[in-house]
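Work through the exercises below with the sequence and the 3D structure beside you, and try each task before you read its solution.

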Amino acid sequence: MNRLPKAKRAQILQMLVEGSSLRSITRITGVSINTATKLLIDAGNACAAFHDERVRNVPARRVQVDEVWTFTYAKQKNVEAAKQAPPEAGDTWTWTAFDVDHKLVVSWLVGQRDGVAAYAFVSDLASRLRHRIQLTADGHQPYVAAVEDVFGADVDFAQLIKVYGHESATEAERRYSPPTCKSTVVKPITGDPDPKHISTSGVERQNLNIRMGVRRFTRLTNAFTKKFENHCHHVALWTVWYNWCRRHGSLRTTPAQAAGLTETWHDAEWLVGIVNDYAGRSN
């Protein structure tokens, strides 16, 4: 079977996590869309397994959680009229748990924004932690039941509820601008959360990172996800690259190094090695 050279595969993976679309990658590298997509699928499977195995016993103390929106195939309001829409079409939410001190993505989940997804997400987060943590979420109600069921009293949990509103403006101006945060309400839920650290600014900045790094999240373009599975593969790839390969500006190291998960800074060719190792184990 023909295989792309390692350097070419590393280039494609690097472009995938730097905000390039599959079509632009094919134009720049000269590979076919099927080849680039196959590499994304292989890398996604390998990176999901790698993250599941290696991001364990994380020494986090402060974790923030949030959900970032995009859509699959068609926006939710257009799904009913869409031709041949798959079952996963419509709103797609990526849940992220962010270790504020080490800048590490501890856990992620792609699914709906409901209680079932909240429970699965919080359960996965809890399984990866070494210590009791202070946990901050937004006002999304399913978090309350999920955190209580999973952590019980062994967590310091609070919600930061933001109250939004629009300044006076025309509807056309509002369409391209986020609503203005008018005020915030701090709501301690469990334990004794430190008021100084009740914040979601870290994970919200992380949402911006993923929107800039994964083309599927870019708003107001045609770069949306066509297949739910490929969206999951792309998030898995980006998460491993962010944790293990991208040096954080304030840390001067990668999040995985800061959290003690590795002593080495890695690059895109290392990602190719993960793909190859996973393929060898699967065969």
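**Exercise 1: the cavity**

The largest cavity of this predicted model is lined by T94, T96, V105, W108, Q206, N207, I210, V235, W238 and T239.

Task: Find how many cavities of 30 Å³ or more the whole structure holds, and state which elements supply at least two residues each to the lining of the largest cavity.

Solution. Begin with the search of the whole structure, which finds one cavity of 30 Å³ or more; about 50 Å³ of space lies in the largest cavity. Finally, sort the lining by class, which gives five nonpolar residues, five polar residues and no charged ones.

**Exercise 2: α3 against α8**

Task: Describe how helix α3 (residues 33-54) and α8 pack, giving the angle and the distance between their axes.

Solution. Two packed helices are described by the angle between their axes and the distance between the axes. For α3 and α8 the angle is about 55 degrees, and the axes lie 7 Å apart. An angle between 35 and 65 degrees counts as oblique, and α3 and α8 are therefore oblique to each other. The crossing in which α3 passes α8 is left-handed. On the side of α3, the residues that meet α8 include T37, L40, I41, G44 and H51, and among their partners in α8 are H233, L237, V240 and W244. The residues of this contact of α3 with α8 divide into 10 nonpolar, nine polar and one charged.

**Exercise 3: α1 against α3**

Task: Decide whether helix α1 (residues 6-16) is roughly parallel or roughly perpendicular to α3.

Solution. The axes of α1 and α3 come within 11 Å and cross at roughly 75 degrees. That makes α1 roughly perpendicular to α3, since angles of 65 to 115 degrees are classed in this way. In this contact, R9, I12, L13 and L16 in α1 meet L39, L40 and A43 in α3. By class, the contact of α1 with α3 has six nonpolar residues, no polar ones and one charged.

**Exercise 4: α8 against α10**

Task: Work out which residues of α8 and helix α10 meet, and how the two helices cross.

Solution. First take the geometry: α8 and α10 (residues 268-282) pack at an angle of about 130 degrees, with their axes 11 Å apart. The two helices are therefore oblique to each other, and the crossing of α8 and α10 is right-handed. Then list the contact, in which L237, V240, W241 and W244 in α8 meet W270, L271 and I274 in α10. The class count for this contact of α8 with α10 is seven nonpolar, no polar and no charged residues.

Methods:
Residues are numbered from 1 along each chain as its sequence is written. This is a predicted model: local features need pLDDT of at least 70, side-chain atom pairs count only at pLDDT 80 or more; totals for chains, interfaces and linings use all residues. Side-chain values use heavy atoms; hydrogens and water are left out. On a 1 Å grid over the protein atoms alone, a cavity is a set of points where a 1.4 Å probe fits but cannot get out, and a pocket is an open set with protein on both sides within 12 Å along at least five of seven lines; lining residues have an atom within 4 Å of a point. Grid points are joined across faces, edges and corners, and a volume is the space filled by probe spheres set on the points. Helices (H or I, at least four residues) and strands (E, at least two) are DSSP runs, numbered from the N terminus. Ala, Val, Leu, Ile, Met, Phe, Trp, Tyr, Cys and Pro count as nonpolar, Asp, Glu, Lys and Arg as charged, and the others, Gly among them, as polar. Axes are lines fitted to C-alpha atoms, for helices over the stretch in contact, and angles run from 0 to 180 degrees between N-to-C directions. Angles under 35 degrees count as roughly parallel, over 145 as roughly antiparallel, 65 to 115 as roughly perpendicular and the rest as oblique. A crossing is left-handed if the near helix is turned anticlockwise from the far one by less than a right angle, and right-handed if clockwise. Contact means heavy atoms within 4.5 Å.
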